[in-house]
Amino acid sequence: MQQKLTKVARVRKNHRMIDWEAVLSGMLEGKTIVEYGPNRNIFKQGEPAESLYYLRSGKVKLVVKSEQGKEAIVSILGPGEFFGEGCLAGQPLRIGSAVALSDCTLARIEKTQMARVLHKQHQVSELFISQLLSRNIRYEGDLVDQLFNNSERRLARILLLLAHFGKDSKAEKVVPNVNQLHLAQMVGTTRSRVSHFMNKFRELGFIDYNGASLTVNSGLLGMVLHD
């Protein structure tokens, strides 16, 4: 598990070296800069998939909803990440929704334009594929987590990932817009259970949490690695 967390952090570090803004500035057509406020839908599940997005600033959550109305958060994204890329693989409809967690600025890129850039610029194509692979690493870890770990350890892992574990600092703040309901939807448990575990983590010194802001300490890693 530690190897997977470190691998995700290492790939993300490499992405921060990529000047995606420069790449996007070279797109003279098929690109639109859009802004969304908190809790606004960027796209909804079931809508036609005709474009992908690059998140320039803010936080976005990817959500799936069952026919019974149950929601689960698949991922929370930050600046420098793409989403909605399924359209490039022939996905006709959105399989989930994208919702702004905070004020967001995004670049909306038509799938034909992005496909053209990826075909003509091999370096850009390689970097884009690398970013998608890092997302797959994360989702693979999420699947293993759901299959083999209890909800307490799943919550610990989610908090480490949200805090971008692997940086040089010992403690990292998690975006304040992520509340206990969001965490419950990501972990696959109830809000009351998340509240119980958060209080426990705070008492053990793994997190600093007052309901409005959250800081994750590196000591929480022991919760993930402990058998």
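I'll start with the second largest pocket, which holds about 380 Å³ of space. This is a predicted model. Lining that pocket are 18 residues, and those closest to its centre are Leu62, Gly84, Glu85, Ile95 and Tyr139. Two elements, β4 (60-65) and α4 (122-148), each give two or more residues to the lining. Which of the elements gives the largest share? That is α4, with four residues.

Next, the sheet. Four strands form an open sheet in the order β1-β8-β3-β6, and the pairing is antiparallel. Because β1 (31-36) and β6 (82-83) each have a single partner strand, they stand at the edges, and one side of each has no neighbour in the sheet. Strand β3, residues 51-57, runs antiparallel to β6 and is joined to β6 by two bridges. Across that pair, tyrosine 53 stands opposite phenylalanine 83 of β6. What packs on this sheet? Helix α3, residues 111-120, does, and α3 touches β3, β6 and β8 (104-110). The direction of α3 makes about 75° with that of β8.

Now the chain as a whole. There are eight helices and eleven strands. Of the 227 residues, 47% are buried. Taking contacts with a separation of 6 or more, 75% are between residues 24 or more positions apart. The accessible surface comes to about 12,100 Å², and carbon and sulfur atoms account for 51% of that surface.

Conventions. Residues are numbered from 1 along each chain as its sequence is written. This is a predicted model: local features need pLDDT of at least 70, side-chain atom pairs count only at pLDDT 80 or more; totals for chains, interfaces and linings use all residues. Side-chain values use heavy atoms; hydrogens and water are left out. Buried means under 20% relative accessible area, exposed over 50%, partly exposed in between (1.4 Å probe, protein chains only). Contact means heavy atoms within 4.5 Å. Accessible areas come from the Shrake-Rupley method with a 1.4 Å probe; for residues, only the protein chains shown count as cover. Two strands pair if DSSP finds at least two bridges between them. Axes are lines fitted to C-alpha atoms, for helices over the stretch in contact, and angles run from 0 to 180 degrees between N-to-C directions. On a 1 Å grid over the protein atoms alone, a cavity is a set of points where a 1.4 Å probe fits but cannot get out, and a pocket is an open set with protein on both sides within 12 Å along at least five of seven lines; lining residues have an atom within 4 Å of a point. Grid points are joined across faces, edges and corners, and a volume is the space filled by probe spheres set on the points.
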